[in-house]
Amino acid sequence: MNFSAMVARESDGGIVLGREEVGDDFLGTGDVTIKIHYSSANYKDLLAITPRGGVVRNYPIVPGIDLTGEVTASESEDFTVGDQVIAHGYDLGVSRNGGFAEYTRVPAEWVVKLDGLDTRDAATIGTAGFTAAMSVQALLDHGLTPDDGAVLVTGATGGVGTVAIDILSGLGFEVIASTGKTDAGDLLAELGANEVIGRLPLDPEAKPRPLNKANWAGAVDSVGGKSLAFVLSSIGYGGAVAASGLTGGSDLPATVLPFILRGVSLLGIDSVFLPIEKRRALWAALGKELRPQHLSSLESFAPISEVGNVLQSIKEGTHSGRTVIGVAGEF
Ligand SMILES: NC(=O)c1ccc[n+]([C@@H]2O[C@H](COP(=O)([O-])OP(=O)(O)OC[C@H]3O[C@@H](n4cnc5c(N)ncnc54)[C@H](OP(=O)(O)O)[C@@H]3O)[C@@H](O)[C@H]2O)c1
């Protein structure tokens, strides 16, 4: 079978992403073949086409850590032709070909049957939104309720941030959005943020303190670095921070005081290797009680031919929300 794909190849010390007609050798091994409807643009896809980005070892590769679509062939009794599905994470788009292609073949134990979401909604949520849902679920499992106080979301205009705000506000939490974008107030309020503040710490020059005023009951953090250290020092007694990202750096210049004096918990979030049963259960919740209420407000659409420009906007810091990448019929 021949099909179209966006292939990333090393060239003169850089990485070039371009459309190619490819054959079966690009399909991958597995028992479920999927005609891809949509992928999406994630921070990790930018790293996949960035020299020394740290996520891809061997090129050429088809990037795209998310894919949604329709099963066209299945050797697994769990899936039949026509099933609407999503696959994301594991090796997709980093050590085997991912979602920026018309077709893929993957192991059945990586595939989630959609329930209550169509393939476009699921791509809008994608890895970033799923990570937001994991973060919110971790806070709920910790015991956090809307009565405990406000929840902070950092990197608020990002993929993880926007979906986290949408889910938290839908659950009745007071949400404080921390963003570096001065023009994002209207979008964040529309998603349900009760207050918008700048990036943290608000005064980057101030000497960091091991404990600050207890401002928030919990936080969803996808920024890491000094921001996460500040957030930890500002969480109230018994609160928790769900940490998933490093857009602000991978260092954590913090002290143990929030943990030992306030009983604060740092909850690590990894969407990539979350076991499939938990993954399927959380996607089912995303179609029901955790469903984000404002997907159309946080979604943008771009055809696959434009994916390079979308990833560039993530690099330049001008991207907001979630961009769905149209694949079927869009090459
Ligand atoms: N653990 C996992 O399984 C998992 C899954 C998905 C993503 N992630 C990670 O989570 C992070 C966010 O992913 P995403 O898809 O949401 O990315 P994204 O859409 O690019 O959003 C990242 C946001 O971070 C903020 N930001 C960017 N540069 C920053 C800086 N220098 N300092 C502070 N904030 C900065 C920006 O928000 P504002 O402009 O609003 O401040 C930006 O919109 C990435 O590090 C990604 O690798 C992890």
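Student: Which residues have the most contacts inside the largest nonpolar core of this predicted model?
Tutor: The model is predicted, so local features need pLDDT of at least 70 and side-chain atom pairs count only at pLDDT 80 or more, whereas totals for chains, interfaces and linings use all residues. Residues are numbered from 1 along each chain as its sequence is written. A nonpolar core is a set of buried Ala, Val, Leu, Ile, Met, Phe, Trp, Tyr and Cys residues joined through C-beta atoms within 7 Å. The largest such core has 98 residues, and those with the most contacts inside it are Val151, Ala164 and Ile165.

Student: Which element gives the largest share of this core?
Tutor: Helices (H or I, at least four residues) and strands (E, at least two) are DSSP runs, numbered from the N terminus. With 11 residues, the largest share of the core comes from H2.

Student: Which residues does isoleucine 165 touch?
Tutor: Two residues are in contact if their C-beta atoms, placed from the backbone, lie within 7 Å. Residues up to four places away in sequence are not counted here. The partners of isoleucine 165 are then Val153, Ala156, Val175, Ala177, Leu188, Leu191, Gly192 and Ala193.

Student: Which residues come nearest to the ligand?
Tutor: A residue is near a molecule or strand if its C-beta atom, placed from the backbone, lies within 6 Å of it. There are 32 residues around the ligand, and those that come nearest are Gly155, Gly158, Thr179, Gly245 and Ser271.

Student: Which elements give two or more residues to the shell around the ligand?
Tutor: By class, the shell divides into 9 nonpolar, 19 polar and 4 charged residues. Domain 1 and domain 2 each supply at least three residues to it. The elements that give two or more are helix H1 (43-48), helix H2 (119-142) and helix H3 (159-170).

Student: Is helix H5 (residues 225-232) mostly covered or mostly open, and which of its residues are buried?
Tutor: A residue is buried if 20 or more other C-beta atoms lie within 10 Å of its own, exposed if 12 or fewer, and partly exposed in between, with C-beta atoms placed from the backbone. Helix H5 is mostly covered, as 6 of its 8 residues are buried. The cover includes strand E8 (151-153), strand E11 (216-221), strand E12 (235-243), helix H6 (257-262) and strand E13 (265-268). The buried residues of H5 are Ser227, Leu228, Ala229, Phe230, Val231 and Leu232.

Student: What is the radius of gyration of the protein?
Tutor: The secondary structure comes to 9 helices and 15 strands. The globule rule, 2.2 Å times the number of residues to the power 0.38, is compared with a radius of gyration taken over C-alpha atoms. For 331 residues the rule gives 20 Å, and the protein is close to this, so it is as compact as a globular protein of that length, with a radius of gyration of 20 Å.

Student: Is aspartate 12 buried or exposed?
Tutor: Aspartate 12 is placed in the loop between strand E1 (3-11) and strand E2 (14-22). Its phi is near 50°, a positive value in a residue other than glycine. With 6 other C-beta atoms within 10 Å, aspartate 12 is exposed.

Methods:
Ala, Val, Leu, Ile, Met, Phe, Trp, Tyr, Cys and Pro count as nonpolar, Asp, Glu, Lys and Arg as charged, and the others, Gly among them, as polar. Domain bounds come from an automatic or database domain assignment.
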